[in-house]
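This report goes through selected parts of one structure, strand by strand and contact by contact. Keep the structure in view while reading.

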Amino acid sequence: MKSQRSSTTTREPSDRGTSHEPVHAAICPHFSRVLIILLSLGAGLVSSTAQAQTNAYVTNLSGTVSVIDTATNIIVATIPVGTFPSGVAITPDGARVYVTNLFNSISVIDAATNTVIVTIPSGQFPTGIAITPDGTRAYVVNQSLDTQGHNTVSVIDTTTNTIVSTIPVGRGPSQIAITPDGTRAYVPDQQDFIISVIDTATNTVVTTIPLSGSAGVAITPRGTQAYVTSPGGNTVSVIDTATNTVVATISLGTNQNPFAVAITPDGTRAYVTINFPNTVSVIDTATNTVVATIPVGVGPTGLAITPDGTRAYVTDDDSNSVSVIDTTTNTVVETIPVGVGPVAVAITPTRQVPTDKEQCKHRGYLKFGPPAGPFKNQGQCVSYVEHH
């Protein structure tokens, strides 16, 4: 591990805290066991082909978001947000970044200026967040630590930035992932040992899937399977989304503690952060076997993969850094210092090109070409005006 670290490049941080320990000590002791898992999980995945430039947005428990230019791996901005930022997700058009702040708010960042433009009051202890493929809704997991069943998912209208629906789920919800067609959301409920499956058309839980321990969740690009980590079971479960049943259980070995999971855009590999012993496991999704183990920094928690699939960015919570993995060689090629306590990361998605004007009526598309049709604002689909 030491020889690998010595070959990496280290960038200087643009956000420094006084100490990592005081940040964690500020969280009430009885929260700690739950929050270790909740705060360690990243945001939704990105897919499709490469784009010219992407940014990685990293939430730091010290109250900031570090913005990394993935072309240079240099921090280009540090954005103050709320208290204990945890989850992060980016709209499909790359225009807005949504950050969940553990103490009951959501910061909305304008990606063009890297400034907070709106703060949305949320449910209790918002953690995981995912945005629908059309960009119109953000789904936020809220975990209440009381016994009154206040564990919910808030649905935010991203046009008005208001909560339009609240969905009760099981106890101990941690993360959330939305299928590529936008019809279902999967929420692991750790304390009830189930996965809640939400119908996004009705915003109701339509089924639950029994699972002995769950935390992170990611869905394959084709939407056919969901991969769910089990920190207590040293495993990753594979769910068939057509039947909502577990079809495979992947053992990671003894004394493993898997947290977040991300899947490559081509769907061939799943990357899993192992908080102890500070590694990332690589799963071949064709065989559902571990094919590589990568040493990273201390306390790996969240991770995200670039749209072209060539790099994985891993937040090292206790090292105050981000490890950059080359997915071809499965080695760490760079280590980037960030803020204190980095827990989650999301990477700018590939901007999609619509094929008809109906697609232009939804957020998430910045450009189009023939045969999209004759529009006054040809090439700027988000603000199109149709000729009559």
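## A strand covered on both faces

In this predicted model, strand β7 is covered on both of its faces. Ser-105, Ser-107 and Ile-109 are buried on one side, and Ile-106, Val-108 and Asp-110 are buried on the other. That makes six buried residues out of the six in β7, so the strand counts as mostly covered under the cut-off for burial, a relative accessible area under 20%.

## The partners of β7

Strands of a sheet pair through backbone hydrogen bonds, in a parallel or an antiparallel way. β6 and β7 run antiparallel and are joined by six bridges. Across this pairing, Val-97 stands opposite Ile-109 of β7. The two strands form a hairpin with three residues between them, and Asn-104 in this hairpin has a positive phi near 70°.

β7 also pairs with β8 (residues 115-121), again in the antiparallel sense and over six bridges. Here Asp-110 stands opposite Thr-115 of β8. Four residues lie between the strands of this hairpin, and Asn-114 in the turn takes a positive phi of about 55°.

## Aromatic rings

A pair of aromatic rings is described by the distance between the centres and the angle between the planes. The structure has two aromatic pairs. In one of them, the ring centres of Phe-84 and Phe-103 are 5.4 Å apart and the planes stand at 90°, so this pair is edge-to-face. Phe-84 is in the loop between β4 and β5, while Phe-103 is in the loop between β6 and β7, so the pair ties together parts 19 residues apart in sequence.

## A four-stranded sheet

Another part to look at is an open sheet of four strands in the order β17-β18-β19-β20, with antiparallel pairing. Its edge strands, β17 (217-219) and β20 (245-251), each pair on one side only. On average, neighbouring strands of the sheet are turned by 20° against each other, direction ignored.

Within the sheet, β18 (residues 225-230) and β19 (residues 235-240) pair over six bridges. Ser-230 stands opposite Thr-235 in β19.

## A buried threonine

Thr-301 belongs to strand β25 (residues 300-305). Its relative accessible area is 1%, so Thr-301 is buried. The side chains of Thr-301 and Thr-315 make a polar contact at 2.7 Å.

Technical notes:
Residues numbered from 1 in each chain as written. Predicted model: local features only at pLDDT ≥ 70, side-chain atom pairs only at ≥ 80, totals over all residues. Heavy atoms only, no water. Pairing = 2+ DSSP bridges. Axes fitted to C-alpha atoms, helices over the stretch in contact; angles between N-to-C directions. Buried < 20%, exposed > 50% of the residue type's maximum accessible area, 1.4 Å probe, protein only. Polar contact = N/O pair within 3.5 Å; in protein donor to acceptor, adjacent residues only side chain to side chain. Phe/Tyr/Trp six-rings, centres within 6.5 Å; stacked < 30°, edge-to-face > 60°.
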